[in-house]
Each structure stands twice: as C-alpha cells, then as structure tokens.
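Trainee: Can you walk me through this one? I'd like to start with the DNA.

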Amino acid sequence: MKNREIAELLYEAADILEYQQVEWKPRAYRKAAQMIENLGEDIKKIYERSGKDGLTEIPGIGESIADHIAEYLETGKVEKFEKLKGKAPSGTAELMEIRGIGAKKMKKLADAFGIMNVSDLKEAINAHKLRKLENFGEKSEENLARAVEQYEKSHSRIALGKALPLADEIISALKARCKSARCKVDLAKIIYTGSLRRLRETIGDIDILAEAEKEEALKVMDAFVSLPDVEEVVLKGSTKSSIILKEGTAIDLRVVTPESYGAALQYFTGSKEHNIELRNIAIKKGYKLSEYGLYSKESEKQIAGKSEEEIYEKLGLVYIPPELRESRGEIKAAAKNALPKLIEVGDLRGDIHMHTNYSEGKESLETMIGEAEALGYEYIAVTDHSRSQRIASGMEIEKLKAQWYEIDKLSKRFKIKILKGSEVEILKDGSLDYPDEVLKELDIVVGAVHSGFSAPEKKMTERIVSAIGNRYLDILAHPSGRLLGKREAYAVNFENVFEAAAANGKVMEINSQPSRLDLNDELILRAKNFGLKFCISTDSYTISDLASMRYGLGQARRGWLEKEDVVNTYPYSRLKEVFKKIKH
DNA sequence: GCCGTTTTCGGCCCGACTGTTTTCAGTCG
C-alpha cells in the first residue's frame with residue numbers, strides 16, 4: 001500500500017518548506033499526510049477507481065496535492081519534491097526531532113555553521129560554537145547538548161505494553177507523594193491522557209493530568225519532579241512540568257483547576273487533529289475552545305469545562321470515546337449520533353489463542369485453564385503449535401491427541417468450556433501443517449505464518465489466500481506478522497486476503513501481545529469494510545499474559561469495532577456455530 | 001495549499017515555558 005509512502009513524502013516536503021519559512025503550505029501538507037495515513041483504504045485503489053476527483057474528495061487534499069499524488073502513483077516520484085530536496089539540510093527530518101530545534105533555529109545553524117544533521121550539530125556543540133550565535137547563549141547550548149543526548153538514547157516511540165504499566169506505576173508513586181505532602185488534590189483525578197489514553201500502539205511520551213487549586217499546583221509539581229528515577233527536569237512551571245526518567249521516557253504533568261479539568265482532559269487526550277477539528281466547530285458556533293474550557297467569544301464567559309461530556313454536548317456532539325479521537329470521521333459521526341457502540345472489556349467471554357507447556361508455553365494445561373476460569377471466562381481454546389514449528393516445540397499428532405485426552409479429563413473438573421485447538425503453521429505452499437483428518441477433529445484451527453517473512457508480496461499473498469481456502473481453517477492469526485519496533489510486516493496484499501477471508505467466512509485475529517497488536521487499528525478498519533468478523537486473543541505463554549487482553553481490546557476499539565464484530569463476545573453455543581459454519 | 005450554512009478571498013487552534021530579551025520569538029504539544 002502506498003499510503004504510508006505518500007504521507008512520508010508530504011511530511012518531508014512540509015519540513016523543507018517550513019525550513020524555507022514558507023507560510024501555511026507546510027500545515028496543508030501535514031494535514032493531507034495525516035488524512036492519507038488514516039484513510040483506511042489503499043489510496044492507489046481510490047485513484048484507479050475514481051481518478052483525481054476521488055483524491056480531491058479526501059478532506060485536506062485539493063487540486064495541487066492530488067496532482068502530486070497522481071504523479072507519484074504514475075511515475076514513482078514527484079518532480080517538485082525532488083527539486084525541494086536540495087533546499088534544506090540533508091538531515092532535516094532528524095534535526096526536527098531534536099527538542100528545542102525548529103525550522104528557524106535549524107536555518108540559523110545551517111547558515112552560520114553549515115550544520116546539516118545531528119552529528120554536525122553535536123560537533124558544533126562540543127566546540128562551543130553555538131553560544132556565540134545571536135540569541136543563543138550558554139544555557140541554550142547546554143540544553144541542546146542534553147537534547148541531542150536524549151535523542152540518541154531514545155528517539156523511538158514506546159510500546160503501549162510498556163507505557164501503560166509504567167504510567168500506572170508513576171501515577172501511583174505521584175499519588176503517594178501528594179498524599180504524604182498533604183497536597184489538596186483529588187487523587188482519583190490524577191490520570192494519564194495523550195496517546196496513551198487513546199491506547200495507540202506506541203506512545204511518544206506519557207502525559208499526566210491532575211486537578212488542584214492554583215495555590216496547591218506547585219506542591220503537586222514539587223512532588224512530581226522529585227519522583228525517584230528522574231534523570232532530568234526539563235521544565236517546571238505552575239501548570240506544566242516535564243521530566244525525563246533514567247530509562248529515557250519523557251513524562252509531562254499538567255495541573256488545572258476543577259472548572260477546567262474536563263476541558264484539559266479533552267485537550268490533552270488529543271489527538272491534535274481531532275482537537276483542531278473541534279476548535280473549528282467551536283469557532284463556527286461563536287465559541288472559543290482551549291484547555292481551560294469552552295468560552296463564549298463575545299461575553300468570554302465559560303460555557304463548559306468541568307467535564308469532557310459537557311464540552312462535546314455543547315458543541316452538538318455525542319461523547320466520543322478517546323480511542324476514536326483520531327480525526328477519522330468520528331466528529332461527523334458524532335454530529336449525526338452515528339458513532340459505533342464500541343466493544344467493552346466485559347463483552348469478552350473467552351480467550352481463543354493460548355499456549356501451554358505442550359509446546360512453547362510456560363504453564364501446564366491445568367494452570368492455564370484454572371487462571372482463565374478465575375478471570376471469569378465462559379470458554380477458552382488451547383492452541384499449541386503444530387508439528388513444523390520445531391523452534392516452538394511444535395506437537396506431533398500423537399502428542400496433540402494426548403493433549404485432547406487430558407482436556408477431556410480436565411473438562412470434567414472445570415466449569416469453563418475448553419475448546420481443542422491448534423495454532424497450525426501455514427506452510428510455504430499454503431497448505432496446513434496437519435492432515436485434514438486431524439484438523440477436522442479440532443474445535444478451532446488458528447492458522448499462522450511463522451517463516452519465510454521476506455517472500456515477495458505475490459508469493460505471500462498466494463500462500464495465505466490458499467490457506468484461507470482450506471475449509472478447516474477458522475482464524476487467521478497475527479495476519480501481518482509484524483513485531484513492533486523489531487520486524488516489519490511481511491509484504492502481502494491485504495485486499496486479496498480480506499476478500500478471500502470474507503468469501504470463506506474466516507475470522508481475523510487481533511493479537512493482543514504487546515509486541516504484536518496485529519491486526520493493527522488501521523487494518524482492522526479496512527478489514528471491517530470487507531464485512532469480516534474478528535477475535536481478540538492473547539496468544540498467552542504464561543498466566544500473566546492472559547491479562548494483555550486490554551491491549552488488543554484497545555486496538556479493536558480504535559478500529560471502531562462493536563461487540564457483534566468480535567466472535568469471542570458470543571456465548572459458547574453461538575461461537576461453536578460460527579466455526580461449524582465455516583467448515584460446512 | 002486548502003476551504004467555505006458567515007467567506008471563492010482571506011483566513012488558517014491556542015496557550016505555556018524558556019532564554020535572552022527589556023517586550024518577545026521560538027518551540028512544543
């Protein structure tokens with residue numbers, strides 16, 4: 001899919017134009033890039049179907065950008081952008097990532113010292129050149145030195161699975177400090193906001209919000225900057241402070257008064273694009289929206305601000321859950337009261353992808369079943385690896401049958417329903433790793449690709465589509481194969497995969513492992529357009545993995561899924577019916 | 001460069017913090 005490539009191209013052009021001090025155009029380019037990233041459909045398909053007119057129908061894309069996109073799709077490059085490239089430092093993108101450097105300073109540095117990238121910048125800092133520059137001083141040089149260090153340490157985003165527990169930990173430490181320092185704050189209102197609250201798969205930094213009267217705010221800030229493991233206090237004020245932890249994560253804290261708490265929560269939760277849309281609606285209605293509240297433009301009186309709900313309401317919108325706030329059409333839907341009723345954690349009745357020590361899991365069958373029952377599930381599926389997955393102790397048929405025997409025995413002791421399943425390798429030729437007579441005895445067949453990741457797109461697509469054609473396959477596990485921050489998704493044509501899956505009634509997995517989150521939100525949205533059903537599974541190896549359901553659920557919500565879209569919300573009898581139907 | 005039940009031209013989100021300034025520009029989110 002070309003969406004990502006084209007968005008990158010536009011972001012790059014925006015950086016260069018901003019460097020050239022061109023006004024407004026960078027914003028227009030970034031907005032267009034953002035829309036393309038969140039399109040949920042292959043832009044190439046749109047262009048092939050409806051030409052340039054199809055492109056200009058996308059909000060933020062007009063005549064000119066549509067031309068550029070068309071040119072890129074036809075020729076593989078954009079002449080105008082090629083010419084732009086020589087007009088800014090080669091390392092523009094990385095320099096922009098240094099905290100404290102924007103377009104203006106970058107230009108100054110390039111003009112004065114020929115600084116083209118981060119390593120040039122580092123040299124200049126070490127030679128103490130910067131402090132001689134107008135409007136720079138010793139302090140700004142020191143700050144940039146630290147910013148470069150920070151960039152080198154960790155300029156990548158943190159996985160949700162790491163950020164969420166870390167945020168929980170920081171917040172409880174902050175609460176404890178506030179309590180012992182007798183700060184007058186409502187502890188229940190210290191919560192995380194930002195992309196973390198939207199449950200994005202990766203987080204740039206952790207944003208925390210607290211509520212306190214003005215005179216108490218500094219006390220909260222003091223508690224915050226004196227937390228253990230603080231490496232650096234980046235800034236500290238009465239409403240906003242910023243720290244960096246020793247392990248490299250940046251954390252912001254904002255403190256607002258009670259009458260602004262809802263507005264601040266709304267504002268800091270973002271996304272930025274969602275907020276800009278909201279503010280424009282506010283302006284049209286004669287209001288002004290900021291992190292302090294919704295105000296009448298004329299009387300400057302506050303109209304809303306205590307809660308998020310009243311802000312959305314006064315703007316003529318139903319409440320929009322944080323996971324949807326990505327400027328993907330949620331505001332239009334909210335205006336028409338047409339938002340999906342998102343799936344909730346209580347809707348899930350079972351976990352249908354997990355491992356035991358029969359293959360590479362760490363716990364016994366009995367332990368996993370016991371824990372799942374303790375979690376209140378109605379059913380689970382045990383899905384150990386099939387025989388070809390040697391590296392993961394894949395099971396020969398005899399061992400699989402021994403597991404069935406044990407499941408039958410345990411079924412008498414536990415109330416929870418236990419489905420006999422397997423995570424069956426989809427072999428290179430698209431066939432499955434057990435013969436049909438074994439597969440047909442299984443309650444659930446979860447098909448997965450674990451090898452040959454670098455195959456060309458056509459080959460991988462054929463492999464998966466062919467497996468989907470097997471009547472005994474029920475679920476396609478971690479369909480893109482990506483490992484967050486480690487391995488890119490394999491090349492595969494998802495249009496073909498989703499089409500085949502829809503035609504054969506197969507279920508798409510949303511794998512909840514923090515390092516997978518696969519399908520991701522964008523692919524979920526696309527798959528839903530094909531009318532597909534999903535399951536949210538943990539792919540657990542230990543009992544503590546069973547709790548990672550929250551991450552997969554988050555992605556499902558970000559993908560606009562409702563209870564009905566997800567088969568493991570169905571009661572046991574209906575679930576069995578779904579998989580039976582697939583086979584006959 | 002985009003967009004329009006205020007506009008086809010003239011707008012384009014809004015406020016905090018910092019550093020180097022004597023009143024503000026740059027950056028960030």
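**DNA contacts and sheets**

Mentor: A phosphate oxygen of DNA strand B is 2.7 Å from a polar backbone atom of Gly62, within the limit for a polar contact, which is a pair of N or O atoms within 3.5 Å; within protein, one must be able to donate a hydrogen and the other to accept it, and residues adjacent in sequence count only if both atoms are side-chain atoms. This is a predicted model: local features need pLDDT of at least 70, side-chain atom pairs count only at pLDDT 80 or more, and totals for chains, interfaces and linings use all residues. Residues are numbered from 1 along each chain as written, chains are lettered from A and ligands numbered from 1 in the order written, and side-chain values use heavy atoms, with hydrogens and water left out.

Trainee: How many residues surround DNA strand B?

Mentor: There are 46, and the closest are Arg27, Lys80, Gly137, Tyr267 and Arg279. A residue is near the strand if one of its heavy atoms lies within 4 Å of it. Of the DNA atoms within 4 Å of the protein, 79% belong to sugar or phosphate and the rest to bases.

Trainee: Which element gives the largest share of that surface?

Mentor: H14, with 5 residues. Helices (H or I, at least four residues) and strands (E, at least two) are DSSP runs, numbered from the N terminus.

Trainee: Changing topic: what is the strand order in the open sheet?

Mentor: The order is E2-E4-E7-E6-E5, with mixed pairing. Two strands pair if DSSP finds at least two bridges between them. The edge strands, E2 (191-192) and E5, each pair on one side only.

Trainee: How do E2 and E4 run?

Mentor: Antiparallel, joined by 2 bridges. Tyr192 stands opposite Ile208 in E4.

Trainee: Which strand pairs with E16 in the parallel sense?

Mentor: E15 (residues 475-476), over 2 bridges. Leu476 has Met508 as its bridge partner in E16.
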